[in-house]
Amino acid sequence: MLARILLCKKPGAFDDPLLYEVSQDLASFISVGHWVEVPFRSQMARGIVVECSSQISADLKEEEIRPLERVLPEKPMTSAQIELGRFIANYYQTSLTRALKLMVPKRVWEGRFKEDDNEREQFSE
């Protein structure tokens, strides 16, 4: 299985989704909207799955596609949010990165959000 991943970088720094291979172990856990960690250049980067497919493009070689490392535990975005992001990007002639970033708190986008058990208890009362 293959997944197009939109990296959580500063908008304008890198806006194109990249293609990654999803291992069979992770394939059952991944769908559009999931937060993932992937290799990008010489480091690991956070990203959002914006498309899943099983076919590789004819102009790509299978050995050129890097593997997806892991699925992150954050609550995934819905496919409706991804589609809304595509609409916003198309309508306002901007990147999908900019459109999706509008829907996600900064701390979540940057991977600095850690749900605290005490906070969860306060909101559930």
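User: Before we start, what should I keep in mind about the numbering and the model?

Analyst: Residues are numbered from 1 along each chain as its sequence is written, and side-chain values use heavy atoms, leaving out hydrogens and water. This is a predicted model, in which local features need pLDDT of at least 70 and side-chain atom pairs count only at pLDDT 80 or more, while totals for chains, interfaces and linings use all residues.

User: Happy with that. What makes E1 and E4 paired strands?

Analyst: Helices (H or I, at least four residues) and strands (E, at least two) are DSSP runs, numbered from the N terminus. Two strands pair if DSSP finds at least two bridges between them. Strand E1 (residues 2-7) and strand E4 (residues 43-53) have 6 bridges and run antiparallel, so they pair under that rule. Along this pairing, Leu-2 stands opposite Ser-53 and Ala-3 stands opposite Cys-52.

User: Why is E1 described as largely enclosed?

Analyst: Buried means under 20% relative accessible area, exposed over 50%, and partly exposed in between (1.4 Å probe, protein chains only). In E1, 5 of the 6 residues are buried, so the rest of the structure largely encloses this strand.

User: Why does Cys-8 count as buried?

Analyst: Cys-8 has 15% relative accessibility, so it counts as buried, the limit being under 20%. You will find Cys-8 in the loop between E1 and strand E2 (18-21). Its C-alpha atom is 9.9 Å from that of Val-108, which is 100 residues apart from Cys-8 along the chain.

User: Which strands stand at the edges of the sheet, and why?

Analyst: The open sheet has 6 strands in the order E5-E2-E1-E4-E3-E6, with mixed pairing. Strand E5 (66-67) and strand E6 (70-71) each have a single partner strand, so one side of each lacks a neighbour in the sheet, and they stand at the edges. For E6, the pairing with E3 is antiparallel over 2 bridges, with Val-71 as the bridge partner of Val-36.

User: How do E3 and E4 come together?

Analyst: Strand E3 (residues 35-40) and E4 pair in the antiparallel sense over 6 bridges, and Pro-39 stands opposite Met-44. They form a hairpin with 2 residues between them, and Arg-41 in the turn has a positive phi of about 55°.

User: What makes Glu-37 and Arg-70 a salt bridge?

Analyst: A salt bridge is a side-chain nitrogen of Lys or Arg within 4 Å of a carboxyl oxygen of Asp or Glu. For Glu-37 and Arg-70 the N to O distance is 3.0 Å, so the pair meets the limit of 4 Å.

User: How do you know that the span of H2 is as expected?

Analyst: The expected span of a helix is 1.5 Å times one less than its number of residues. H2 has 13 residues and reaches 18 Å from its first C-alpha to its last, close to the 18 Å expected.

User: Why are the buried residues of H2 placed on the same side?

Analyst: The buried residues are Ile-82, Gly-85, Ile-88 and Ala-89. They cover an arc of only 120° around the axis, which puts them on the same side of H2; the arc is that of the directions from the helix axis to the C-beta atoms. On the other side, Ala-80, Phe-87, Asn-90 and Tyr-91 are exposed.

User: Why does Leu-84 count as partly exposed?

Analyst: Leu-84, in helix H2 (residues 79-91), has 43% relative accessibility, so it counts as partly exposed.
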